[in-house]
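Please look at the sequence and the 3D view before reading on.

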Amino acid sequence: MKVGIVGGTGYTGVELLRLLVNHPHVRLDVITSRGEAGLAVADMFPSLRGRTDLVFSEPDVARLSACDVVFFATPHNVAMRMMPELMAAGVRVVDLSADFRLRDHELWSQWYGEPHACPELLSEAVYGLPEVNREAIREARLVACAGCYPTSIQLGYLPLLENGWIQPDQLIANAASGASGGGKGAKVPMLLAEAGESYKAYGASGHRHLPEIEQGLADIAGGPVKATFVPHLIPMIRGIHATLYGQLLDGAPSLEAIQQAYEARYADEPFVDVMPLGSHPETRFVRGGNMCRIALHQPRGENVIVVLSVIDNLVKGASGQAVQAMNIMFGLDEAAGLSVVPLAP
Ligand SMILES: NC(=O)C1=CN([C@@H]2O[C@H](COP(=O)(O)OP(=O)(O)OC[C@H]3O[C@@H](n4cnc5c(N)ncnc54)[C@H](OP(=O)(O)O)[C@@H]3O)[C@@H](O)[C@H]2O)C=CC1
Ligand SMILES: CC(=O)N[C@@H](CCC(=O)OP(=O)(O)O)C(=O)O
């Protein structure tokens with residue numbers, strides 16, 4: 001399969017490269033950079049020396065149109081401008097950005113601050129969370145990969161909401177992300193002297209992932225949900241740790257039965273691991289791997305359930321999930337190129 005990547009110099013772009021150079025069915029054909037066209041990829045990323053002889057080229061729809069699949073690892077408002085032409089050329093697209101995640105273009109504009117460039121494609125885009133949408137992803141021409149925080153939160157709440165065991169309008173999600181979540185672009189709050197040895201919440205009164213989280217959780221619950229979402233920046237490079245709270249409804253089963261339901265729901269999912277009751281998953285348990293690890297708690301046996309959910313934001317939260325979606329779209333083994341074990345320690 002001929003593969004193109006738009007946005008190859010960024011963090012999710014190089015993570016796609018790390019995974020795809022080991023993929024048995026992929027030939028990397030095009031990788032773009034506006035500023036580094038002509039430079040060998042391995043000169044920018046020596047970790048890839050000896051693994052690829054690709055050279056960056058300018059983003060060019062004509063060249064990308066010769067690919068079977070194109071990944072967009074670009075900021076929002078880039079993919080949607082090239083999408084109509086690429087799709088008309090018959091290319092299938094996996095978009096890591098937020099351009100096609102929300103179904104409602106007015107809601108998108110409200111959170112992303114500009115009009116959507118091709119709202120007509122929103123209804124065709126399939127939300128890229130395989131554990132929820134696998135069948136639709138198979139046939140999709142355009143997959144809008146789930147965001148990093150939304151992935152950890154949706155997978156954490158999923159069995160509770162599918163079974164209707166918690167109050168859907170009282171969801172609370174606290175999540176902390178490493179600095180690579182903010183991308184490679186220089187930003188003062190991400191400097192070592194600003195973000196190191198410190199821990200902070202941000203976007204507490206409204207973060208652009210909130211509408212995506214609520215849209216996804218409502219689809220899972222089969223009805224409206226309301227969530228409070230507070231993201232945090234933690235001084236590490238990779239990883240998201242989400243702590244999720246739910247009010248158990250009357251009639252919800254015991255914690256042991258909920259644990260069994262989680263284990264059953266995810267038994268056939270290659271990239272979700274339900275840890276034993278009472279575990280405390282750490283971000284290092286998933287670092288570098290395409291994996292979400294989950295554990296359940298019920299403090300004092302009362303009616304609050306706490307779900308801990310960890311992912312590597314660059315893998316299950318972005319590039320790994322994107323490769324997983326591509327594998328599904330092309331009828332390949334879903335785990336092709338994704339079998340790397342997370343780094344330990
Ligand atoms: N970082 C993360 O953990 C996650 C990121 N995402 C999403 O993935 C996308 C990429 O994120 P990330 O890799 O962190 O971002 P980076 O800022 O690290 O990289 C962005 C890339 O996009 C390219 N680019 C920027 N503007 C344009 C443009 N107008 N046309 C073509 N290429 C452009 C840049 O390349 P150049 O300037 O060389 O052309 C660069 O390679 C974003 O939408 C982000 O929201 C999703 C989940 C997690
Ligand atoms: C730590 C940090 O800054 N994280 C980013 C979110 C990660 C991201 O890239 O957003 P998507 O998943 O929507 O693509 C932020 O809060 O804006």
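## Helices on the sheet

Helix α11 (residues 315-329) lies across β3, β4, β5 and β6, and runs at about 155° to β6. Helices (H or I, at least four residues) and strands (E, at least two) are DSSP runs, numbered from the N terminus. Contact between two residues requires C-beta atoms, placed from the backbone, within 7 Å. Axes are lines fitted to C-alpha atoms, for helices over the stretch in contact, and angles run from 0 to 180 degrees between N-to-C directions.

This is a predicted model: local features need pLDDT of at least 70, side-chain atom pairs count only at pLDDT 80 or more, and totals for chains, interfaces and linings use all residues. Residues are numbered from 1 along each chain as its sequence is written, while chains are lettered from A and ligands numbered from 1 in the order in which they are written.

## The sheet

Six strands make an open sheet with parallel pairing, in the order β2-β1-β3-β4-β6-β5. Its edge strands, β2 (27-31) and β5 (126-128), each pair on one side only. On average, neighbouring strands are turned by 25° against each other, direction ignored. Two strands pair if DSSP finds at least two bridges between them; β3 and β4 have four, in the parallel sense. V69 stands opposite R92 in β4.

## Helix α4

α4 lies across β3, β4 and β6, at about 165° to β4. Which residues of helix α4 (residues 79-88) are buried? They are A79, M80, M82, M83 and L86. Buried means that 20 or more other C-beta atoms lie within 10 Å of the residue's own, with C-beta atoms placed from the backbone.

Seen down the axis of α4, the buried residues fall within an arc of 150°, so they line one face of the helix. The arc is that of the directions from the helix axis to the C-beta atoms. These buried residues pack against α3 (61-64), β3 (69-72), β4 (92-95) and β6 (142-145). Just after α4, G90 has a positive phi of about 85°.

## The ligands

A residue is near a ligand if its C-beta atom, placed from the backbone, lies within 6 Å of it. Of the 32 residues around ligand 1, G7, G10, S97, G183 and K184 come nearest. The largest share of this shell, three residues, comes from α1.

Ligand 2 is surrounded by A98, G147, C148, S177, G181, G182, H209, P231 and L233.

Key: A residue is buried if 20 or more other C-beta atoms lie within 10 Å of its own, exposed if 12 or fewer, and partly exposed in between; C-beta atoms are placed from the backbone.
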